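Subject: Structure handover

Hello,

Here is the structure for you to take over. Please open it first, then read the notes below.

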Amino acid sequence: MNREQRGARHVPVLLRRADELLGPALTEPGAVYVDATLGLGGHAEHFLSAYPGLRLVGLDRDTEALRLAGERLAPFADRITLVHTRYDGIADALEQAGLDPIGSVSGILMDLGVSSMQLDEAERGFAYSVDAPLDMRMDPSTGITAADVLNTYSHGDLARVLKNYGEERFAGKIASEVLRRRAQRPFTSSGELVELLYATIPAAARRTGGHPAKRTFQALRVEVNGELDSLRAALPAALDSLRLGGRIVVMSYQSLEDRVVKQELAARTTSRTPVDLPVELPGMGPEFRLLTRGAEKATEQEIEENPRAAPVRMRAAERIEKSS
Ligand SMILES: C[S@@+](CC[C@H](N)C(=O)[O-])C[C@H]1O[C@@H](n2cnc3c(N)ncnc32)[C@H](O)[C@@H]1O
């Protein structure tokens, strides 16, 4: 199967639920839908077909994803603008598309993390199951690689990355072993790292903690791509871009990202009037209401059909009139 065929076969995660949540905001002709993580364009294709008056602004930091999504979405060419940017560049992207970065957007989808295409392309270095160069950049044209992190970070910085972004119990031990080995020979391939992890993580922990490379690979990917910083900067800008009645849906695949989303939505859906005052102060009321209770997960049936949905946590909110 070639890349294009894989793209066409790819099943978008929680598509029906995303439509239930975003759909009511997308029905008006000319409504603007921002897909902040366009990927292979699966969700975007659905929304463009389902809502014929919809206009798409699609963002991705990966030029290869934009190329493939552009091919898939060619039938809608007159209704789409694709922009190569990190999602925290949403305001500039909207301006580029001739739109006001404040209050002009009807719906936003953020389907975070890596795409199935990125995982499948061995040479990108995201997967620990194949030996490949230690790259892991979602935008291969810029920034440091996973090999750079392993070969240049101090023991303290490396241990912090593995602990904070991978929740790795053996972060200090792994960092020590990385420094010892790189003094002999710099790291170049994922196979060398996987072998180190097998040798360093105790056998008892390996039996219970999932694949020993999973947490370290996640941590390196988050560090290399500045994923949490990008998300922290993107969410306020995304929320500001929504019009009254506009809706946002965010799907996270790891707890650190979901925590950032939860905190930002909590801040915007809570009144800033001091709790001991009997009335809402002007302009201090909530700007959004939550559309999901807690984080929604995929059903068992969905996980069976699409294993990528297993870790997903979905949250959504709608812009409401602020009390004046
Ligand atoms: C899970 S995939 C999206 C799949 C898409 N919903 C679909 O149906 O095909 C995530 C995409 O987000 C992109 N991405 C991740 N972090 C990003 C960021 N900070 N800015 C822009 N795009 C990002 C990745 O390059 C990847 O293509």
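One definition before the findings: Ala, Val, Leu, Ile, Met, Phe, Trp, Tyr, Cys and Pro count as nonpolar, Asp, Glu, Lys and Arg as charged, and the others, Gly among them, as polar. By that scheme, the lining of the largest cavity holds eleven nonpolar, twelve polar and eight charged residues.

Now the ground rules. This is a predicted model, where local features need pLDDT of at least 70, side-chain atom pairs count only at pLDDT 80 or more, and totals for chains, interfaces and linings use all residues. Residues are numbered from 1 along each chain as its sequence is written, and side-chain values use heavy atoms, with hydrogens and water left out.

**Domains**

Across the boundary, 13 residues of domain 1 are in contact with eleven residues of domain 2. Contact means heavy atoms within 4.5 Å.

**Cavity**

Rolling a probe the size of a water molecule over the atoms shows where empty space is left. The search uses a 1 Å grid over the protein atoms alone. A cavity is a set of points where a 1.4 Å probe fits but cannot get out. A pocket is an open set with protein on both sides within 12 Å along at least five of seven lines. Lining residues have an atom within 4 Å of a point. Grid points are joined across faces, edges and corners, and a volume is the space filled by probe spheres set on the points.

How many cavities of 30 Å³ or more does a search of the whole structure find? The search finds one. The largest cavity holds about 360 Å³ of space. It is lined by 31 residues, and Thr 37, Gly 39, Asp 60, Asp 111 and Gly 113 are the closest to its centre. Helix H3 (42–50), strand S2 (55–60), helix H6 (116–120) and helix H13 (227–241) each give two or more residues to this lining. H3 gives the most, with three residues. Helices (H or I, at least four residues) and strands (E, at least two) are DSSP runs, numbered from the N terminus.

**Pockets**

The largest pocket has a volume of about 710 Å³. Its lining takes in 22 residues, with Lys 214, Gln 218, Arg 221, Tyr 253 and Pro 311 nearest the centre. Helix H12 (214–225) and helix H14 (255–268) each supply at least two lining residues. H12 has the largest share, five residues. By class, the lining of this pocket has ten nonpolar, six polar and six charged residues. Why does the largest pocket lie between domain 1 and domain 2? Both domains give residues to its lining, so it lies between them.

The second largest pocket contains about 360 Å³ of space. It has 15 lining residues, and Leu 14, Arg 16, Arg 17, Thr 299 and Glu 302 lie nearest its centre. Helix H2 (15–22) and helix H15 (300–305) each supply at least two of the lining residues. H2 gives the most, with four residues. This lining divides into five nonpolar, three polar and seven charged residues.

**Single residues**

Start with Asp 148, in helix H7 (residues 146–152). Its side chain reaches the backbone nitrogen of Thr 145 at 2.9 Å. Asp 148 is partly exposed, with a relative accessible area of 33%. Buried means under 20% relative accessible area, exposed over 50%, partly exposed in between (1.4 Å probe, protein chains only). Asp 148 and Thr 188 are 40 residues apart along the chain, and their C-alpha atoms are separated by 9.0 Å.

Most residues other than glycine have a negative phi. Met 136 has a positive phi, near 70 degrees. Met 136 sits in the loop between H6 and H7 and counts as buried because its relative accessibility is 0%. Glu 167 also has a positive phi, near 50 degrees. Glu 167 lies in the loop between helix H8 (155–166) and helix H9 (171–184). At 45% relative accessibility, Glu 167 is partly exposed.

Is Thr 200 buried or exposed? Thr 200 counts as buried, at 7% relative accessibility. Leaving aside neighbours within four places in sequence, Thr 200 is in contact with Lys 173, Ile 174 and Glu 177.

Best wishes

Notes: Polar contact = N/O pair within 3.5 Å; in protein donor to acceptor, adjacent residues only side chain to side chain. Domains from an automatic or database assignment.
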